[in-house]
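Here is a short briefing on one chain. Please keep the sequence and the structure at hand while reading.

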Amino acid sequence: MKTELRRRTLLAVSGAVAVAGCLDAGDSGEANDETQAEPTDGTTDDDETDGSETNATADTVHEGYETTEVRVVSADGDELGAVTAAIADTRDLRTLGLSDTEELPSDRGMLFVFESVEERGFVMREMDFGIDIVFADADGTITDVHHAPAPEPDEDGEEEHHQYPGRGQYVLEVNYEWTTDHDVSEGDVLEFDLEE
C-alpha cells in the first residue's frame with residue numbers, strides 16, 4: 001500500500017545534533033538517532049567528464065536503498081523541482097546518511113523518514129561536500145531550509161557551526177544550493193510516495 005504525502009518546500013532541522021546527519025530526539029524509541037547529512041555533487045561546468053562517469057555514479061549511488069521520487073511544489077501547486085531520493089527510514093540508515101557518499105548527482109537526494117514531527121539536529125559528519133537540508137512537517141510542508149557547506153579539511157563536521165537544528169518528520173538532503181536554484185522555500189510542499 002502506498003501513502004502519498006504532499007510536503008511543502010522547507011524542512012526544519014530538529015532535536016540534538018548528529019555528525020553528518022540527524023540526531024533524533026523523537027519519541028519513537030530511537031533517541032540519539034544520528035543521521036548523516038546528504039552530500040552534494042560538488043562538480044562544476046568546468047569539470048572535465050565524458051558523461052559516462054556521471055551516469056555510472058547515478059546508477060550506483062545508494063545501491064541497495066529503496067528510493068522514491070520527491071517533488072517540491074509551491075503552495076499554488078507549481079512544480080519547482082524533483083529528485084530521486086534514497087530512503088533513510090531506520091536508525092542505522094539515518095545515522096549513516098550521506099557520509100559514505102563520494103558524490104551526489106544533481107538529480108539525487110536522501111529522504112530521512114521519522115515516526116513523528118520532532119525537534120531534530122543534523123550535522124555534517126564525515127561529509128566531503130556541501131548540501132541543502134530541508135525539514136518538513138507531517139504533511140510535507142517545508143518548515144526550514146539550511147545551506148550546509150562542506151567541512152574544512154581540519155574539521156570533522158561536528159563543530160557547532162556545522163549543526164543545523166529544525167523541526168520535522170521528514171528531512172530531504174540535496175546538493176548545496178539546489179533549493180536556491182529551484183526557488184524552494186518555507187511553505188512549499190514535498191510530495192512523495194512511501195511503501196507501507
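## Confidence and overall layout

This is a predicted model. The mean pLDDT of the chain is 77, and 69% of the residues reach at least 70. The chain has 196 residues, of which 51% count as buried. Three helices and eleven strands make up its elements.

- Where pLDDT is low, the predicted coordinates should not be read in detail.

**Fold order and contacts**

- Read from the N terminus, the elements run β-β-β-β-α-β-β-α-β-β-β-β-α-β.
- Of the contacts with a separation of 6 or more, 79% join residues 24 or more positions apart.

**Nonpolar cores**

- The largest nonpolar core holds 19 residues.
- Within this core, V70, L111, L172 and L190 touch the most other members.
- Seven strands each supply at least two of its residues: β5 (67-73), β6 (79-88), β7 (108-123), β8 (131-136), β9 (142-148), β10 (163-175) and β11 (189-195).
- A second, separate core has 18 residues, including A86, L104, I133 and V171.
- Which residues does L111 contact, leaving aside its neighbours within four places in sequence? The list is T68, V70, A85, A86, I87, A88, Y170, V171, L172, F192 and L194.

**Salt bridges: the network around R71**

- The whole structure contains three salt bridges.
- R71, E79 and E191 are linked in a network.
- R71 pairs with E79, with the closest N and O atoms 2.9 Å apart.
- R71 also pairs with E191, with the closest N and O atoms 2.3 Å apart.
- What does the pair of E191 and R71 tie together? E191 lies in strand β11 and R71 in strand β5, so the bridge joins parts that are 120 residues apart in sequence.
- Are these residues buried or exposed? E191 is buried, at 12% relative accessibility. R71 is partly exposed at 28%, and E79 is partly exposed at 46%.
- Side chains of opposite charge can pair when their charged atoms come close.

**Salt bridges: E119 and R167**

- The side chains of E119 and R167 form a salt bridge, at 3.5 Å from N to O.
- E119 is in strand β7 and R167 in strand β10, so this pair ties together parts that are 48 residues apart in sequence.
- E119 has a relative accessible area of 41% and is partly exposed. R167 is partly exposed, with a relative accessible area of 41%.

**D144 and H146 in strand β9**

- D144 is found in strand β9, and H146 has its place in strand β9 too.
- D144 is buried yet has no salt bridge.
- Where is the nearest side chain of opposite charge to D144? R167 is that residue, and it is 11 Å away.
- The side chain of D144 does make a polar contact with the side chain of H146, at 3.0 Å.
- H146 is buried because its relative accessible area is 16%, which falls under the 20% limit.
- H146 and P165 are 19 residues apart in sequence, while their C-alpha atoms are 8.9 Å apart in space.

**Backbone points to check**

- Most residues other than glycine have a negative phi, and most peptide bonds are trans.
- E126 has a positive phi, near 55 degrees, and is not a glycine.
- E126 sits in the loop between β7 and β8. With a relative accessible area of 55%, E126 is exposed.
- E177 is not a glycine either, yet has a positive phi of about 70 degrees.
- E177 sits in the loop between β10 and α3 (178-181). At 27% relative accessibility, E177 is partly exposed.

Technical notes: Residues numbered from 1 in each chain as written. Predicted model: local features only at pLDDT ≥ 70, side-chain atom pairs only at ≥ 80, totals over all residues. Heavy atoms only, no water. Core = buried A, V, L, I, M, F, W, Y, C linked by side-chain atoms within 4.5 Å. Buried < 20%, exposed > 50% of the residue type's maximum accessible area, 1.4 Å probe, protein only. Helix = DSSP H or I, 4+ residues; strand = E, 2+ residues; numbered from the N terminus. Contact = heavy atoms within 4.5 Å. pLDDT = per-residue confidence, 0-100. Lys, Arg positive; Asp, Glu negative; His and termini not counted. Salt bridge = Lys/Arg side-chain N within 4 Å of Asp/Glu carboxyl O. Polar contact = N/O pair within 3.5 Å; in protein donor to acceptor, adjacent residues only side chain to side chain.
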